[in-house]
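This report describes selected local features of a protein model.

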Protein chains: 2
Amino acid sequence: MTVLVFIDPSAPAGRVADASAPQLSVLDQGVTRGDGVFESALYKGGAVRKLDMHLARLQSSAQLSDLEVPAEDAWRAAVATAVAQYDDEARRSASAADAPGGEAEAVVKLIATRGSEGSGHGTSWVTVSPAPALGRKQRESGVRVLFLDRGYDSTVAERAPWLLMGAKTLSYAVNMAALRYARSNGADDVIFTSSDGRVLEGPTSTVLLATRDGDEKRLITPTLRTGILPGTTQGALFDQAEEAGWKLGYGPVVPQDLLEADAVWLVSSVRLLTPVTSIDGEAISTDGELTAELSGLIEAIE
Amino acid sequence: MTVLVFIDPSAPAGRVADASAPQLSVLDQGVTRGDGVFESALYKGGAVRKLDMHLARLQSSAQLSDLEVPAEDAWRAAVATAVAQYDDEARRSASAADAPGGEAEAVVKLIATRGSEGSGHGTSWVTVSPAPALGRKQRESGVRVLFLDRGYDSTVAERAPWLLMGAKTLSYAVNMAALRYARSNGADDVIFTSSDGRVLEGPTSTVLLATRDGDEKRLITPTLRTGILPGTTQGALFDQAEEAGWKLGYGPVVPQDLLEADAVWLVSSVRLLTPVTSIDGEAISTDGELTAELSGLIEAIE
């Protein structure tokens, strides 16, 4: 079950459409050129988590891509319409977990494309669909990860804005290929490294590591200067962790740092905090206590 | 006017659909992930140029992307249906240039995506639409080019297959961003360079250069080992040029080689042979005689 709502100037609350029917032009540059931007948010317990942050990053991605996208109000209205419709359908299909406010998790996707060539306007829509079971499973069991070279050095974002580093575009073929490569090679996920040996990010996640030193707990993530996406969950979690007494670090991170950390996680809006259990086939340190604490902090993010 | 034909197992000659109506699911990974492959061929004088080469490269791109795409027969049938339909519509709309066999040029696009997640099958279609006037104009007037860093070094393709170098995927957001960057900076097009200073390719073209030494004419293009796309027009032109007595070279090419060449072109299936008139704001050598000769050879390609 997927609910679909287009942003449409003639329908201020958004135009509900049938997601199981064809709704997009084959001439849309979203498909012909992967030319557009997107966000994936979690809908759970009756609320879309971190919607403000997702809307801000969508605007930032659009700006980096010279793309005009609808204003935040229009997105909020379409999201509200979409989740209300999703709740209605869940109520009708009726398992208790699926009911609004229940434990069921859904993915809210916001997509904005450059539209059909020459049309002069983009295409924008919101979908809501059940969260994949695999992500929830991996959140519990952890993931085995491969380091894969992303091909770029860690200074490329500063010198080459046309590479759209830091923009979450629809051109995700390489991200998907990296995940397939991992799955064909005994792993579940990927941590990209730069050609000059820095840790970057996962294909659909941000990398976090923790170190303990006596009572001091430190939470570290790679610096954005490497051109990685600013993680919304990482950002919100850092705020929570700081309040809870953690030290924070934004560093140049190298692979060895992950191998020596007390714990490593991949974090993303839908899968949330996912422990990394091995890298390149070698088990790494995990820490159930830290995972439980940080998962609790993430649960508290609105 | 665009003609659209889907490849559909239930319609051996392809399923004609209305390109002006929505025809694609918003859940198709072609749009949600830029996950698919494509080709653009030229339809002119009643024939689709180099169809064999385009079909071969489409299969190669698909293989690099772990993507199952329809067999060549199905593509050929859909292309035949699409151009026949295009000719019919051109006949009705009736300018002489648009008539089949006339001088009008059309773009035949072949696209295959990974389809909707979990559907287990891809989506594949062919469109035929009039060739953009800009390309034809640039073929005559030439283009001003900027060198832009592609971020990758020239050995990345060999060590990182997950980057899909050499596959023509739908994830073209960076290619489009580079072209916009050029247009915002007084140029028309781009030649990408590697981070270690090699000439790569244009965002939608292959780079050629020529040198004259007495009677000897040499035609050079960057080596495929850099991870660039194998250009179908470059490949066919090299065969023709060799027969016509040219020496050929596939080299590591550096920017200085282009600045010192007797002529530089961008070559692609639809825009054909396009002279480069300046690089980074500096005029470079052009050669009308060589351009005329090579254009003649390209015209002769079937």
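## Serine 171 of chain B

S171(B) has a relative accessible area of 16% and is therefore buried, the limit for that class being under 20%. This value, like the others in this report, is derived from a predicted model. S171(B) is found in the loop that runs between helix 5 and helix 6 of chain B.

Leaving aside residues up to four places away in sequence, S171(B) is in contact with R33(A), L170(A), S171(A), Y172(A) and A173(A), as well as with R33(B) and G34(B). For Y172(A), a polar atom of the S171(B) side chain lies 3.3 Å from the backbone nitrogen.

## Positive phi angles in chain B

The loop between helix 5 (156-159) and helix 6 (173-183) of chain B also holds L164(B). Although L164(B) is not a glycine, its phi is positive, at about 60°. L164(B) counts as buried because its relative accessibility is 7%.

D280(B), likewise a residue other than glycine, has a positive phi near 50°. D280(B) is located in the loop between strand 13 (272-279) and strand 14 (282-283) of chain B. With a relative accessibility of 43%, D280(B) counts as partly exposed.

Helix 4 of chain A spans residues 133-141, and G135(A), Q138(A) and R139(A) are buried in it. These residues lie on the same side of helix 4 of chain A because they cover an arc of only 105° around the axis. The buried residues of this helix pack against strand 5 (105-113), strand 7 (143-149) and strand 13 (272-279) of chain A.

On the face turned away from the buried side, helix 4 of chain A carries the exposed residues A133(A), K137(A) and E140(A). Just after this helix, G142(A) adopts a positive phi of about 85°.

## The second largest pocket

The second largest pocket holds about 620 Å³ of space. Its lining consists of 31 residues, and those nearest its centre are I7(B), H121(B), G122(B), T123(B) and S124(B). Two or more lining residues come from each of strand 1 (3-8), strand 2 (11-17), helix 3 (72-93), strand 5 (105-113) and strand 6 (123-130) of chain B.

Strand 2 of chain B provides the largest share of the lining of this pocket, with 5 residues. Classified by residue type, the lining comprises 14 nonpolar, 13 polar and 4 charged residues.

Definitions and conventions: Residues numbered from 1 in each chain as written. Chains lettered and ligands numbered in written order. Predicted model: local features only at pLDDT ≥ 70, side-chain atom pairs only at ≥ 80, totals over all residues. Heavy atoms only, no water. Helix = DSSP H or I, 4+ residues; strand = E, 2+ residues; numbered from the N terminus. Buried < 20%, exposed > 50% of the residue type's maximum accessible area, 1.4 Å probe, protein only. Arc of directions from axis to C-beta. Contact = heavy atoms within 4.5 Å. Polar contact = N/O pair within 3.5 Å; in protein donor to acceptor, adjacent residues only side chain to side chain. 1 Å grid on protein atoms, 1.4 Å probe; cavity = no way out; pocket = protein on both sides within 12 Å on 5 of 7 lines; lining within 4 Å. Points joined across faces, edges and corners; volume = space filled by probe spheres on them. Nonpolar A, V, L, I, M, F, W, Y, C, P; charged D, E, K, R; others polar.
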